[in-house]
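Please look through the structure below with this briefing beside it, taking one topic at a time.

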Amino acid sequence: MALDAPVGLPVREAADFGGLGVVVIGLDLGTSGVKAVAVDSGGVIQAQATTPLAVSRPQPLWSEQDPQDWIVATGTAIRSLPDTVRRRTRAIGLSGQMHGATLLDAEDKPLRPAILWNDGRSGRECIALEAAAPDLVAITGNRAMPGFTAPKLAWVRAHEPEIFAATRRVLLPKDYVRLWLTGEAVSDMSDSAGTLWLDVERRDWSDALLSATGLTRDHMPRLIEGSSVSGVLRPEAAEALGLPQVPVAGGGGDNAASAVGIGAVAPGQAFVSVGTSGVIFVADDAFRPEPQRGVHTFCHALPKTWHRMSVTLSAASAIDSVARLAGFSSTAEAVANLGEGQPDDPLFAPWLSGERTPHNDPSASGVFVGLTHATTREALVRAALEGVAFALADGFEALGSPQVEALTVVGGGTRITGLGPLLAATLGRRLVYRDGGEAAAALGAARLARMALAGEASLSLCRPGPIVQEVDPDGGLAERLARRRAAWRGLYPALTRTFQELSP
């Protein structure tokens, strides 16, 4: 990989292009795919393309990807946009799956597959890390969990010492893509807040926490705000992608970028994300940590803003898995003709990758309870949808059941038929589906690119999109689900010891 410093258009010169027909590209590196969206000066998506990615699970609890796959998928997604759109591009913004550990050698080549956010192998390292760094929770606002980046490096240090010794730089997934795009090792505040190396209130690396995992600032990328310019496309990257040499914005972690994309930037604004994982997100104007129930507190993608969120590690991915196990060819087929829930439907706990909020337990695993000879495959899928709704409701309560009238729904899981009414009834809030909600993270990345061009973080660019659908809580459904959820909530305490005994 050639990483010579880029020579391209100055940012101000690029910003001066303006006018009709100019677009910015938002690039979202997800777990299951890379999405590129081209947004015009009016904020309208003009074109979009997605390239799928595969996850490797070579051992129980492991979840990995080859960083080179991100580069290939990024190139394919961007080149799939119309040539006329690419020629009019004036900036790129980045969003990405958080927490992934990409270990690079002295020549910035990956030393091993990246360890992803839903990897659960480092549970023991989390315990050791909190013991070695007593101020960790106070500095980061978060408990040590296997999903975060720092425990992954502690695991590599203990189990792959040769690789750890050769590591000269650690990057998050989207920042590895940025390195290929610009030659610059840079990260933004919102993504870096999920490493357990950032002082989240001060928005700077913590030397003490880096030292606890045997690292220094020299291993870390330069920090900027998500609305700032991180670099300019290298000539080789620009040629490969069919783009001008344009600036690349700092961008954000996927949830912070989604918040920018749907307009959740003011204090108290909230959304629910249903993707591979499930998230309840609340924007804040100050650092307000609540680590006692597994709530995350991170920097937002805009300066002087923060956010809290609950995380269910398996949401749409759990529904996909159950649909596959039940013999359906796709999730769409599985949910097409489910019918109404029945009293004898089983209960399902969607902890296929362990769980974060509120349990913080990497040993938790998926469970069906109540199977009989009469259980149908449709009942299994209904239970999966309910289980995801119940898990998200646990996270909502861990956040203090935010007093918002409605929650915007974002993420690819917005397409799952039947999930919306269950979520609305379980959360007790109206759900709002907005135009562009499936691509909220990429749209937010594009908005951050526009801010980088303008040289300022403008909240006027973060307006919510048009509403395309609303789902109000159904009282009768809420009453039925409340009874089932009361039984469902007994599953974790009843099975905690079993989970630990079964854990590798």
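Predicted model: local features only at pLDDT ≥ 70, side-chain atom pairs only at ≥ 80, totals over all residues.

Helices in this briefing are DSSP runs of H or I with at least four residues, numbered from the N terminus. With that naming, G455, which comes just after helix α17, takes a positive phi of about 80°.

**Helix α17**
- Helix α17 covers residues 440-454, and its 15 residues reach 21 Å from the first C-alpha to the last, which is close to the 21 Å expected at 1.5 Å a residue.
- Most of α17 is covered, since 13 of its 15 residues are buried.

**The pair α15 and α18**
- Two packed helices are described by the angle between their axes and the distance between the axes.
- The axes of helix α15 (residues 377-398) and helix α18 (residues 475-488) come within 11 Å and cross at roughly 80°; angles of 65 to 115 degrees count as roughly perpendicular, and α15 and α18 are therefore roughly perpendicular to each other.
- On the α15 side the contact includes E386, F390 and D394, while on the α18 side R480, R484 and W488 are among the residues that meet α15.
- The residues of this contact between α15 and α18 divide into five nonpolar, one polar and six charged.

**Nonpolar cores**
- In soluble globular proteins, nonpolar side chains tend to be buried together.
- The largest nonpolar core has 84 residues, and those with the most contacts inside it are W70, I92, L153, W197, L215 and L233.
- Leaving aside residues up to four places away in sequence, I92 touches several residues, including I25, L233, V248 and A449.
- Another core, of 56 residues, lies apart from the largest one, and A315, V322, V388 and L427 are among its residues.

Key:
Residues numbered from 1 in each chain as written. Heavy atoms only, no water. Helix = DSSP H or I, 4+ residues; strand = E, 2+ residues; numbered from the N terminus. Expected span 1.5 Å × (residues − 1). Buried < 20%, exposed > 50% of the residue type's maximum accessible area, 1.4 Å probe, protein only. Axes fitted to C-alpha atoms, helices over the stretch in contact; angles between N-to-C directions. Parallel < 35°, antiparallel > 145°, perpendicular 65-115°, else oblique. Contact = heavy atoms within 4.5 Å. Nonpolar A, V, L, I, M, F, W, Y, C, P; charged D, E, K, R; others polar. Core = buried A, V, L, I, M, F, W, Y, C linked by side-chain atoms within 4.5 Å.
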